[in-house]
Amino acid sequence: MKFALAVLFLSLGLVSAHLRLPLPKDIQARHPHLMTEPINTDADFVKVVGGSAVSDGEARHQIAMLRSGSFICGGSLIGASTVLTAAHCVYGYENRPTSFSVRYNTLDRTSGPTLAVAKVNRHPSYSSNTIDYDIATFSLASPFSPGTNAAVVELAKSRPADDSAVQVTGWGRLSSGGTLPTKLQKADTLKVVSKAECQKRWGSTNTITDRMLCAHSTTQSACNGDSGGPLTQNNVLVGVVSWGSSSCLHATYPNVYASVADLADWIAANP
């Protein structure tokens with residue numbers, strides 16, 4: 001089966017039918033047959049692949065990232081004035097913080113308070129070719145106000161154990177059609193896949209580095225629009241949604257996340 005590597009990114013402001021970022025350049029060169037799938041924005045409502053609605057208080061750290069007023073990615077509150085997200089969500093806009101805003105304290109990406117962004121910090125080693133070091137932080141213009149759905153999440157100090165359960169939340173959608181859900185969704189049947197097994201499954205398509213964490217389920221998955229959002233275990237942030245198959249939900253290929261524990265020093269130094 002042909003498959004495509006896709007960062008799980010989305011912008012409603014784009015007019016093209018192909019709403020994902022391009023495939024990494026080195027992967028295009030090695031696998032020229034791989035193509036992302038078009039998104040049918042007129043299809044019936046869909047949600048995070050196989051997910052269910054999040055209830056009040058379940059994902060208080062979750063934010064919706066807006067660029068020029070349009071939803072683009074997810075993220076997590078990790079400090080009073082700090083958001084953690086994916087580097088590919090801000091790539092090319094590092095020097096344009098006023099392009100971004102953060103919506104928080106809501107389960108509905110279309111309503112709720114917003115905060116301006118004062119500074120964008122993208123990991124300097126991020127590679128759009130390999131999608132390594134795929135993290136960034138926002139320094140908010142003012143602290144957020146705690147609420148029913150607004151609180152700082154604890155950061156993982158170590159990687160989660162292989163085969164342990166993790167949860168991803170977001171407003172992302174399926175890869176082949178459907179509008180974005182307005183209500184926050186969760187996928188909680190995911191299991192951590194070892195680095196060796198993840199590399200075996202992805203083969204030569206891309207390298208699974210020490211900064212990456214893999215998780216998989218045959219019934220649930222993160223998808224485009226979930227980029228930058230949280231992968232958690234017992235309410236601790238262990239990963240940031242990064243990349244995966246263009247089909248999102250796939251029987252073989254795990255989705256890949258930036259590993260919070262392995263990037264902790266940089267995160268701490270860039271609030």
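Two strands pair if DSSP finds at least two bridges between them. Keep that in mind. This is a predicted model, and we start with its strands.

Strand 4 and strand 5 are joined by three bridges. Strand 5 covers residues 82-85, and the two strands run antiparallel. Which residue in strand 5 is the bridge partner of S76? That partner is L84.

Now widen the view. Six strands form a closed barrel, in the order 3-4-5-8-7-6. The pairing is antiparallel. From one strand to the next, the twist averages 40 degrees.

Next, the disulfides. How many does the structure hold? Three. A disulfide is a covalent bond between the sulfur atoms of two cysteines. Number the bonded cysteines in sequence order, and the pairing reads 1-2, 3-4, 5-6.

Take C73 and C89. Their sulfurs sit 2.1 Å apart. The torsion about the S-S bond is about -90 degrees, so this disulfide is left-handed. C73 belongs to strand 4 and C89 to helix 2, residues 87-90, so the link ties together parts 16 residues apart in sequence. Are these cysteines buried or exposed? Both C73 and C89 are buried.

On to C198 and C214. Here too the S to S distance is 2.1 Å. The torsion is about -80 degrees, so this disulfide is left-handed. C198 sits in helix 3, residues 195-202, and C214 in strand 12, residues 212-216, so parts 16 residues apart in sequence are tied together. C198 and C214 are buried.

Then C223 and C248, with an S to S distance of 2.1 Å. This link has 70 degrees about the S-S bond and is right-handed. It connects distant parts of the chain, 25 residues apart. C223 lies in the loop between strand 12 and strand 13 (230-233). C248 lies in the loop between strand 14 (236-245) and strand 15 (255-259). Why do we call C223 buried? Because its relative accessible area is 0%, and buried means under 20%. C248 is buried as well, at 2%.

Last topic: backbone angles. Most residues other than glycine have a negative phi. S68 has a positive phi of about 55 degrees, and it is not a glycine. S68 sits in the loop between strand 3 (62-67) and strand 4 (70-79). Its relative accessible area is 63%, so S68 is exposed.

N105 also has a positive phi, near 55 degrees. Where is N105? In the loop between strand 6 (100-103) and strand 7 (114-122). With 27% relative accessibility, N105 counts as partly exposed.

Key:
Residues numbered from 1 in each chain as written. Predicted model: local features only at pLDDT ≥ 70, side-chain atom pairs only at ≥ 80, totals over all residues. Heavy atoms only, no water. Helix = DSSP H or I, 4+ residues; strand = E, 2+ residues; numbered from the N terminus. Buried < 20%, exposed > 50% of the residue type's maximum accessible area, 1.4 Å probe, protein only. Axes fitted to C-alpha atoms, helices over the stretch in contact; angles between N-to-C directions. Disulfide = S-S within 2.5 Å.
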